[in-house]
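Keep the structure in view while reading.

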Amino acid sequence: DSAELDVTTPDFIRHPYPGYARARRTASLCRILPNQFLGVSRYHDVVRVLHDSKRFSNSGYTASRATQQQNLDIMPPNLVELDPPRHGKLRGLIVRALSPRSVAEFEPWLRKIADGLLESLHGASEFELLSTLAIPLPMIVIVEMLGVGTERRDEFRRWVDDFAAAHAIGSTLKREQLQRSTQAFCHYFSAQLEERRREPREDLLSQLVHAEVDGERVTAEELLSVVTALLIGGNETTTSLIANALVTLTDHPDQLAEVQENPALIPAFIEEVLRFESPAHIVFRQTTTDVELDGVTIPRGAMVLPMLASANRDERQFPDPDRFDIHRDTKGHVAFGLDIHFCPGSALARLEARVMLDALLSRAKNLRRPEREVAWAPSFFLRTPQKLVLCAQIA
Ligand code: HEM
(Lines give C-alpha, C1' and ligand atoms only; values in the text may rest on other atoms or scores of the structure.)
Protein backbone atom coordinates (compact mmCIF):
# COMPACT_ATOMS: atom_id res chain seq x y z
CA ASP A 1 0.00 0.00 0.00
CA SER A 2 1.55 3.29 -0.99
CA ALA A 3 0.33 6.85 -0.86
CA GLU A 4 0.06 9.02 -3.91
CA LEU A 5 1.15 12.62 -3.81
CA ASP A 6 0.04 14.95 -6.58
CA VAL A 7 2.55 17.78 -6.39
CA THR A 8 0.94 19.96 -9.04
CA THR A 9 -2.37 20.85 -7.36
CA PRO A 10 -2.88 24.42 -6.07
CA ASP A 11 -3.59 22.97 -2.61
CA PHE A 12 -0.29 21.15 -2.50
CA ILE A 13 1.63 24.18 -3.73
CA ARG A 14 -0.01 26.38 -1.11
CA HIS A 15 0.46 23.96 1.76
CA PRO A 16 2.37 20.74 1.03
CA TYR A 17 2.80 19.61 4.63
CA PRO A 18 -0.48 17.68 5.14
CA GLY A 19 0.37 15.69 2.00
CA TYR A 20 3.81 14.85 3.35
CA ALA A 21 2.29 13.85 6.72
CA ARG A 22 -0.15 11.51 4.98
CA ALA A 23 2.69 10.01 2.95
CA ARG A 24 4.75 9.40 6.12
CA ARG A 25 1.81 7.73 7.85
CA THR A 26 0.96 5.43 4.94
CA ALA A 27 4.24 3.87 3.77
CA SER A 28 7.94 4.55 3.43
CA LEU A 29 7.59 5.34 -0.28
CA CYS A 30 4.93 7.34 -2.06
CA ARG A 31 4.19 7.71 -5.73
CA ILE A 32 4.66 11.25 -6.99
CA LEU A 33 2.08 12.31 -9.54
CA PRO A 34 2.12 13.05 -12.40
CA ASN A 35 5.47 11.43 -13.16
CA GLN A 36 5.43 8.31 -10.95
CA PHE A 37 8.78 9.06 -9.29
CA LEU A 38 9.16 7.53 -5.82
CA GLY A 39 9.11 9.95 -2.91
CA VAL A 40 10.90 9.09 0.35
CA SER A 41 8.99 10.79 3.14
CA ARG A 42 10.31 9.58 6.51
CA TYR A 43 13.31 11.08 8.23
CA HIS A 44 15.26 7.87 8.81
CA ASP A 45 14.73 6.70 5.22
CA VAL A 46 15.80 10.06 3.79
CA VAL A 47 18.97 9.89 5.90
CA ARG A 48 19.62 6.34 4.74
CA VAL A 49 19.27 7.19 1.07
CA LEU A 50 21.47 10.29 1.36
CA HIS A 51 24.21 8.21 3.00
CA ASP A 52 24.08 5.56 0.26
CA SER A 53 25.50 7.32 -2.79
CA LYS A 54 26.63 3.98 -4.28
CA ARG A 55 23.11 2.74 -4.78
CA PHE A 56 21.35 6.12 -5.04
CA SER A 57 23.16 8.05 -7.74
CA ASN A 58 22.97 11.78 -8.43
CA SER A 59 22.36 10.93 -12.07
CA GLY A 60 18.78 11.40 -10.83
CA TYR A 61 19.07 15.10 -11.72
CA THR A 62 19.96 14.40 -15.35
CA ALA A 63 17.44 11.58 -15.64
CA SER A 64 14.57 13.63 -14.22
CA ARG A 65 14.93 16.29 -16.88
CA ALA A 66 14.86 13.70 -19.64
CA THR A 67 11.44 12.55 -18.39
CA GLN A 68 9.90 16.02 -18.63
CA GLN A 69 7.33 16.46 -21.37
CA GLN A 70 9.69 18.73 -23.29
CA ASN A 71 12.69 16.49 -22.63
CA LEU A 72 14.74 19.18 -20.92
CA ASP A 73 17.99 17.24 -20.94
CA ILE A 74 20.04 20.20 -22.15
CA MET A 75 21.88 21.96 -19.37
CA PRO A 76 25.42 23.00 -18.63
CA PRO A 77 27.35 20.24 -16.80
CA ASN A 78 26.78 20.46 -13.04
CA LEU A 79 28.90 19.07 -10.23
CA VAL A 80 25.85 18.04 -8.22
CA GLU A 81 24.90 15.53 -10.92
CA LEU A 82 28.21 13.66 -10.71
CA ASP A 83 29.07 10.54 -8.71
CA PRO A 84 32.40 9.47 -7.20
CA PRO A 85 35.22 9.51 -8.02
CA ARG A 86 34.90 12.51 -10.37
CA HIS A 87 32.52 14.27 -8.04
CA GLY A 88 34.93 14.37 -5.10
CA LYS A 89 37.83 15.65 -7.17
CA LEU A 90 35.88 18.62 -8.45
CA ARG A 91 34.11 19.32 -5.17
CA GLY A 92 37.56 19.64 -3.63
CA LEU A 93 38.12 22.73 -5.77
CA ILE A 94 35.49 24.79 -3.95
CA VAL A 95 35.20 23.53 -0.38
CA ARG A 96 38.09 25.62 0.88
CA ALA A 97 36.79 28.87 -0.66
CA LEU A 98 33.40 28.23 0.98
CA SER A 99 34.57 26.88 4.33
CA PRO A 100 33.12 28.47 7.48
CA ARG A 101 36.49 30.03 8.21
CA SER A 102 36.84 31.57 4.74
CA VAL A 103 33.33 32.94 4.61
CA ALA A 104 33.50 34.40 8.13
CA GLU A 105 35.87 36.97 6.64
CA PHE A 106 33.14 38.09 4.23
CA GLU A 107 30.93 39.44 6.99
CA PRO A 108 31.85 43.15 6.72
CA TRP A 109 31.60 42.95 2.93
CA LEU A 110 28.16 41.27 3.13
CA ARG A 111 27.00 43.85 5.62
CA LYS A 112 27.97 46.60 3.21
CA ILE A 113 26.01 45.00 0.38
CA ALA A 114 22.96 44.49 2.63
CA ASP A 115 23.11 48.06 3.91
CA GLY A 116 23.44 49.38 0.37
CA LEU A 117 20.34 47.45 -0.73
CA LEU A 118 18.41 48.64 2.32
CA GLU A 119 19.47 52.22 1.67
CA SER A 120 17.36 52.21 -1.48
CA LEU A 121 14.31 51.43 0.70
CA HIS A 122 14.95 54.26 3.11
CA GLY A 123 11.70 56.00 3.98
CA ALA A 124 9.54 53.41 2.21
CA SER A 125 6.43 52.15 3.98
CA GLU A 126 5.87 49.17 1.69
CA PHE A 127 8.33 47.11 -0.35
CA GLU A 128 8.61 43.88 -2.31
CA LEU A 129 11.22 41.71 -0.60
CA LEU A 130 12.44 39.48 -3.43
CA SER A 131 13.27 42.07 -6.06
CA THR A 132 14.79 44.54 -3.59
CA LEU A 133 16.74 42.35 -1.14
CA ALA A 134 16.38 38.57 -1.34
CA ILE A 135 17.30 38.14 -5.02
CA PRO A 136 20.08 40.76 -5.32
CA LEU A 137 22.11 39.81 -2.22
CA PRO A 138 23.08 36.21 -3.14
CA MET A 139 23.53 37.17 -6.79
CA ILE A 140 25.90 40.05 -6.01
CA VAL A 141 27.84 37.83 -3.60
CA ILE A 142 28.36 34.96 -6.01
CA VAL A 143 29.21 37.06 -9.07
CA GLU A 144 31.71 39.12 -7.08
CA MET A 145 33.27 35.96 -5.66
CA LEU A 146 33.59 34.49 -9.14
CA GLY A 147 34.93 37.83 -10.34
CA VAL A 148 32.49 38.49 -13.18
CA GLY A 149 30.69 41.72 -13.93
CA THR A 150 27.70 42.56 -11.74
CA GLU A 151 26.25 44.51 -14.67
CA ARG A 152 25.27 41.17 -16.26
CA ARG A 153 23.23 40.19 -13.18
CA ASP A 154 19.84 40.25 -14.92
CA GLU A 155 21.10 37.91 -17.57
CA PHE A 156 22.59 35.53 -14.98
CA ARG A 157 19.28 35.61 -13.19
CA ARG A 158 17.40 34.55 -16.30
CA TRP A 159 19.77 31.64 -16.92
CA VAL A 160 19.60 30.48 -13.33
CA ASP A 161 15.78 30.76 -13.33
CA ASP A 162 15.62 28.58 -16.42
CA PHE A 163 18.00 25.98 -14.98
CA ALA A 164 15.91 25.74 -11.81
CA ALA A 165 12.66 25.64 -13.80
CA ALA A 166 13.98 22.59 -15.67
CA HIS A 167 13.66 20.68 -12.37
CA ALA A 168 10.14 21.81 -11.51
CA ILE A 169 8.05 18.69 -11.96
CA GLY A 170 5.58 19.27 -14.78
CA SER A 171 7.75 22.16 -15.96
CA THR A 172 6.25 24.35 -18.67
CA LEU A 173 9.68 25.64 -19.66
CA LYS A 174 10.26 25.51 -23.40
CA ARG A 175 13.10 23.38 -24.64
CA GLU A 176 14.27 26.14 -27.00
CA GLN A 177 14.48 28.64 -24.18
CA LEU A 178 16.53 26.28 -22.02
CA GLN A 179 18.79 25.62 -24.98
CA ARG A 180 19.34 29.34 -25.50
CA SER A 181 20.16 29.92 -21.82
CA THR A 182 22.47 26.92 -21.73
CA GLN A 183 24.37 28.11 -24.79
CA ALA A 184 24.62 31.69 -23.56
CA PHE A 185 25.80 30.50 -20.14
CA CYS A 186 28.45 28.13 -21.50
CA HIS A 187 29.63 30.68 -24.03
CA TYR A 188 29.96 33.46 -21.47
CA PHE A 189 31.71 31.44 -18.77
CA SER A 190 34.01 29.57 -21.15
CA ALA A 191 35.26 32.95 -22.41
CA GLN A 192 35.66 34.25 -18.85
CA LEU A 193 37.65 31.16 -17.85
CA GLU A 194 39.81 31.46 -20.96
CA GLU A 195 40.59 35.09 -20.07
CA ARG A 196 41.67 34.03 -16.56
CA ARG A 197 43.89 31.34 -18.04
CA ARG A 198 45.81 33.99 -19.97
CA GLU A 199 45.66 36.62 -17.29
CA PRO A 200 44.91 35.51 -13.74
CA ARG A 201 43.11 37.88 -11.38
CA GLU A 202 42.26 37.80 -7.70
CA ASP A 203 39.03 35.85 -8.08
CA LEU A 204 37.55 32.39 -7.77
CA LEU A 205 37.47 31.80 -11.54
CA SER A 206 41.24 32.36 -11.69
CA GLN A 207 41.78 29.94 -8.81
CA LEU A 208 39.65 27.34 -10.57
CA VAL A 209 41.32 27.67 -13.93
CA HIS A 210 44.79 27.22 -12.45
CA ALA A 211 43.85 24.38 -10.12
CA GLU A 212 45.15 20.89 -10.58
CA VAL A 213 43.62 17.67 -9.35
CA ASP A 214 46.07 14.82 -8.80
CA GLY A 215 48.65 16.67 -10.85
CA GLU A 216 46.30 17.09 -13.80
CA ARG A 217 44.70 20.21 -15.19
CA VAL A 218 40.95 20.30 -14.86
CA THR A 219 39.16 20.19 -18.20
CA ALA A 220 37.08 23.09 -19.49
CA GLU A 221 33.90 21.09 -19.08
CA GLU A 222 34.79 20.18 -15.50
CA LEU A 223 35.39 23.84 -14.70
CA LEU A 224 32.01 24.74 -16.12
CA SER A 225 30.37 22.09 -13.93
CA VAL A 226 31.79 23.79 -10.85
CA VAL A 227 30.72 27.28 -11.95
CA THR A 228 27.23 26.00 -12.78
CA ALA A 229 26.88 24.39 -9.38
CA LEU A 230 27.89 27.60 -7.63
CA LEU A 231 25.62 29.83 -9.64
CA ILE A 232 22.59 27.54 -9.45
CA GLY A 233 23.23 26.29 -5.93
CA GLY A 234 24.03 29.68 -4.49
CA ASN A 235 21.17 31.80 -5.73
CA GLU A 236 17.55 30.69 -5.59
CA THR A 237 18.05 28.61 -2.46
CA THR A 238 19.45 31.57 -0.54
CA THR A 239 16.78 33.89 -1.92
CA SER A 240 14.24 31.35 -0.70
CA LEU A 241 15.76 31.15 2.78
CA ILE A 242 15.60 34.93 3.22
CA ALA A 243 12.05 35.11 1.84
CA ASN A 244 10.81 32.13 3.90
CA ALA A 245 12.33 33.75 6.97
CA LEU A 246 10.14 36.81 6.39
CA VAL A 247 7.06 34.68 5.75
CA THR A 248 7.47 32.83 9.05
CA LEU A 249 8.38 35.98 10.98
CA THR A 250 5.28 37.82 9.77
CA ASP A 251 3.17 34.73 10.52
CA HIS A 252 4.48 34.70 14.12
CA PRO A 253 4.51 38.31 15.41
CA ASP A 254 5.40 37.20 18.95
CA GLN A 255 8.59 35.51 17.71
CA LEU A 256 9.29 38.46 15.41
CA ALA A 257 9.20 40.76 18.43
CA GLU A 258 11.49 38.43 20.34
CA VAL A 259 14.07 38.20 17.55
CA GLN A 260 13.93 41.92 16.90
CA GLU A 261 14.46 42.58 20.59
CA ASN A 262 17.35 40.13 20.77
CA PRO A 263 19.28 39.71 17.47
CA ALA A 264 21.46 37.04 19.10
CA LEU A 265 18.48 34.73 18.44
CA ILE A 266 18.80 35.17 14.66
CA PRO A 267 21.02 32.08 14.05
CA ALA A 268 18.60 29.79 15.95
CA PHE A 269 15.71 31.40 14.11
CA ILE A 270 17.41 30.70 10.75
CA GLU A 271 17.88 27.02 11.64
CA GLU A 272 14.19 26.75 12.47
CA VAL A 273 13.26 28.39 9.13
CA LEU A 274 15.53 25.88 7.35
CA ARG A 275 13.65 23.06 9.09
CA PHE A 276 10.13 24.50 8.92
CA GLU A 277 10.17 25.98 5.38
CA SER A 278 13.12 24.18 3.79
CA PRO A 279 14.21 25.93 0.56
CA ALA A 280 14.99 22.69 -1.29
CA HIS A 281 12.01 20.39 -0.77
CA ILE A 282 13.57 17.46 -2.58
CA VAL A 283 16.80 16.16 -4.05
CA PHE A 284 17.04 13.78 -7.00
CA ARG A 285 18.46 10.27 -6.96
CA GLN A 286 18.41 7.24 -9.27
CA THR A 287 18.98 3.65 -8.15
CA THR A 288 22.05 1.93 -9.62
CA THR A 289 20.80 -1.55 -8.63
CA ASP A 290 17.70 -3.18 -7.11
CA VAL A 291 17.57 -1.93 -3.56
CA GLU A 292 15.38 -2.66 -0.57
CA LEU A 293 13.97 0.11 1.59
CA ASP A 294 11.87 -0.94 4.61
CA GLY A 295 10.90 -4.22 2.97
CA VAL A 296 10.00 -2.72 -0.41
CA THR A 297 12.18 -3.49 -3.42
CA ILE A 298 12.96 -0.52 -5.65
CA PRO A 299 14.06 -1.63 -9.11
CA ARG A 300 17.31 -0.51 -10.67
CA GLY A 301 17.07 2.76 -12.61
CA ALA A 302 14.12 4.08 -10.58
CA MET A 303 13.82 7.78 -9.84
CA VAL A 304 13.85 8.32 -6.09
CA LEU A 305 13.22 11.68 -4.43
CA PRO A 306 14.34 12.06 -0.82
CA MET A 307 11.88 14.71 0.41
CA LEU A 308 14.00 16.86 2.70
CA ALA A 309 11.04 19.05 3.66
CA SER A 310 9.04 16.02 4.78
CA ALA A 311 11.96 14.61 6.77
CA ASN A 312 12.25 17.98 8.50
CA ARG A 313 8.58 17.71 9.56
CA ASP A 314 8.78 14.07 10.67
CA GLU A 315 7.17 13.77 14.11
CA ARG A 316 9.52 10.90 14.98
CA GLN A 317 12.43 13.30 14.77
CA PHE A 318 10.96 16.71 15.61
CA PRO A 319 8.15 16.66 18.20
CA ASP A 320 5.10 18.75 17.26
CA PRO A 321 6.78 19.39 13.88
CA ASP A 322 4.22 21.81 12.45
CA ARG A 323 4.80 24.29 15.25
CA PHE A 324 7.29 27.03 14.37
CA ASP A 325 9.46 27.56 17.43
CA ILE A 326 12.79 29.38 17.43
CA HIS A 327 13.63 27.75 20.78
CA ARG A 328 13.34 24.15 19.63
CA ASP A 329 16.26 21.78 19.05
CA THR A 330 16.73 21.78 15.24
CA LYS A 331 19.82 19.58 15.28
CA GLY A 332 19.77 16.96 12.55
CA HIS A 333 17.60 18.87 10.06
CA VAL A 334 18.50 17.92 6.51
CA ALA A 335 17.84 21.20 4.69
CA PHE A 336 21.41 21.16 3.33
CA GLY A 337 21.44 17.44 2.54
CA LEU A 338 23.96 15.00 4.01
CA ASP A 339 27.16 13.12 3.26
CA ILE A 340 29.20 13.55 0.08
CA HIS A 341 26.87 16.09 -1.55
CA PHE A 342 26.20 18.05 1.67
CA CYS A 343 25.82 21.66 0.63
CA PRO A 344 29.32 23.22 0.53
CA GLY A 345 27.65 26.66 0.56
CA SER A 346 25.84 26.20 3.87
CA ALA A 347 28.12 28.50 5.87
CA LEU A 348 27.80 31.23 3.23
CA ALA A 349 24.02 30.84 3.02
CA ARG A 350 23.67 31.06 6.80
CA LEU A 351 25.89 34.12 6.93
CA GLU A 352 24.04 35.89 4.10
CA ALA A 353 20.70 35.22 5.78
CA ARG A 354 21.96 36.34 9.19
CA VAL A 355 23.51 39.56 7.90
CA MET A 356 20.45 40.44 5.81
CA LEU A 357 17.99 39.72 8.65
CA ASP A 358 20.11 41.59 11.14
CA ALA A 359 20.33 44.63 8.87
CA LEU A 360 16.63 44.57 7.99
CA LEU A 361 15.30 43.96 11.51
CA SER A 362 17.48 46.67 13.01
CA ARG A 363 16.02 49.23 10.60
CA ALA A 364 12.42 48.08 10.09
CA LYS A 365 9.68 49.21 12.47
CA ASN A 366 6.18 47.70 12.53
CA LEU A 367 7.12 45.00 10.07
CA ARG A 368 4.08 43.10 8.81
CA ARG A 369 2.65 41.38 5.78
CA PRO A 370 -0.46 43.06 4.36
CA GLU A 371 -1.73 39.94 2.57
CA ARG A 372 -2.24 36.65 4.39
CA GLU A 373 -1.94 34.55 1.25
CA VAL A 374 1.63 33.89 0.05
CA ALA A 375 2.33 33.64 -3.70
CA TRP A 376 4.32 30.38 -3.50
CA ALA A 377 6.20 29.40 -6.67
CA PRO A 378 4.52 26.45 -8.40
CA SER A 379 7.55 24.21 -7.91
CA PHE A 380 7.93 20.95 -6.02
CA PHE A 381 11.69 21.44 -6.04
CA LEU A 382 12.16 24.90 -4.57
CA ARG A 383 9.89 26.32 -1.88
CA THR A 384 9.87 30.09 -2.29
CA PRO A 385 7.42 32.96 -2.63
CA GLN A 386 7.49 34.49 -6.10
CA LYS A 387 6.73 37.85 -4.54
CA LEU A 388 6.45 39.06 -0.97
CA VAL A 389 5.07 42.50 -0.21
CA LEU A 390 5.88 43.74 3.28
CA CYS A 391 4.92 46.86 5.22
CA ALA A 392 7.38 48.57 7.54
CA GLN A 393 8.94 51.90 8.30
CA ILE A 394 12.53 51.56 7.13
CA ALA A 395 14.90 53.89 8.95
C1 HEM B 1 24.34 21.13 -2.75
C2 HEM B 1 20.74 23.23 -0.27
C3 HEM B 1 23.05 27.50 -0.59
C4 HEM B 1 26.34 25.50 -3.48
C5 HEM B 1 23.21 21.31 -1.98
C6 HEM B 1 22.32 20.27 -1.53
C7 HEM B 1 21.30 20.86 -0.85
C8 HEM B 1 21.55 22.28 -0.86
C9 HEM B 1 20.10 20.17 -0.22
C10 HEM B 1 22.52 18.75 -1.74
C11 HEM B 1 22.02 18.28 -3.08
C12 HEM B 1 22.00 16.77 -3.18
O13 HEM B 1 22.33 16.06 -2.23
O14 HEM B 1 21.64 16.28 -4.27
C15 HEM B 1 21.06 24.56 -0.16
C16 HEM B 1 20.26 25.52 0.57
C17 HEM B 1 20.90 26.73 0.47
C18 HEM B 1 22.11 26.51 -0.30
C19 HEM B 1 18.94 25.21 1.28
C20 HEM B 1 20.52 28.07 1.04
C21 HEM B 1 19.76 28.25 2.06
C22 HEM B 1 24.17 27.32 -1.35
C23 HEM B 1 25.16 28.34 -1.64
C24 HEM B 1 26.07 27.77 -2.48
C25 HEM B 1 25.68 26.39 -2.68
C26 HEM B 1 25.13 29.75 -1.10
C27 HEM B 1 27.32 28.32 -3.11
C28 HEM B 1 27.72 29.54 -3.10
C29 HEM B 1 26.04 24.16 -3.56
C30 HEM B 1 26.80 23.22 -4.37
C31 HEM B 1 26.21 21.96 -4.17
C32 HEM B 1 25.12 22.15 -3.22
C33 HEM B 1 28.02 23.55 -5.24
C34 HEM B 1 26.65 20.63 -4.80
C35 HEM B 1 27.54 19.91 -3.84
C36 HEM B 1 27.90 18.50 -4.26
O37 HEM B 1 27.26 17.91 -5.14
O38 HEM B 1 28.86 17.99 -3.69
N39 HEM B 1 22.74 22.53 -1.54
N40 HEM B 1 22.15 25.20 -0.68
N41 HEM B 1 24.52 26.16 -1.99
N42 HEM B 1 25.04 23.48 -2.90
FE43 HEM B 1 23.68 24.32 -1.68
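Helix 13 and helix 17 cross in a right-handed sense, meaning that the near helix is turned clockwise from the far one by less than a right angle. This is a predicted model: local features need pLDDT of at least 70, side-chain atom pairs count only at pLDDT 80 or more, and totals for chains, interfaces and linings use all residues. Residues are numbered from 1 along each chain as its sequence is written. Helices are DSSP runs (H or I, at least four residues), numbered from the N terminus.

**Helix 13 with helix 17**
- The axes of helix 13 and helix 17 (residues 346-363) come within 10 Å and cross at roughly 40°. Axes are lines fitted to C-alpha atoms over the stretch in contact, and angles run from 0 to 180 degrees between N-to-C directions.
- That angle makes the pair oblique, the class left once under 35 degrees (roughly parallel), over 145 (roughly antiparallel) and 65 to 115 (roughly perpendicular) are taken out.
- Helix 13 contributes T237, T238, L241, I242 and A245 to the contact, and helix 17 contributes A349, E352, A353, M356 and L357. Contact means C-beta atoms, placed from the backbone, within 7 Å.
- By class, this contact has 7 nonpolar, 2 polar and 1 charged residues. Ala, Val, Leu, Ile, Met, Phe, Trp, Tyr, Cys and Pro count as nonpolar, Asp, Glu, Lys and Arg as charged, and the others, Gly among them, as polar.

**Helix 13 with helix 15**
- Helix 15 (residues 266-276) packs on helix 13 at about 95°, with the axes 10 Å apart.
- The two helices are therefore roughly perpendicular.
- L241, N244, A245 and T248 of helix 13 meet I270, V273, L274 and F276 of helix 15.
- This contact holds 6 nonpolar, 2 polar and no charged residues.

**Nonpolar core**
- In the largest nonpolar core, of 115 residues, L305, L308 and M356 touch the most other members. Such a core is a set of buried Ala, Val, Leu, Ile, Met, Phe, Trp, Tyr and Cys residues joined through C-beta atoms within 7 Å.
- Helix 13 (residues 220-251) gives the most to this core, with 15 residues.
- Leaving out residues up to four places away in sequence, L305 touches I32, F37, L38, G39, V40, I282 and F284.

**Helix 9**
- Helix 9 (residues 136-146) has 8 of its 11 residues buried, so it is largely enclosed by the rest of the structure. Buried means 20 or more other C-beta atoms within 10 Å of a residue's own.
- The buried residues are P136, L137, P138, M139, V141, I142, V143 and L146.
- Their cover includes helix 7, helix 8, helix 10, helix 12, helix 13 and helix 17.
- Just after helix 9, G147 takes a positive phi of about 95°.

Note on methods. Buried ≥ 20, exposed ≤ 12 C-beta atoms within 10 Å, placed from the backbone. Contact = placed C-beta atoms within 7 Å.
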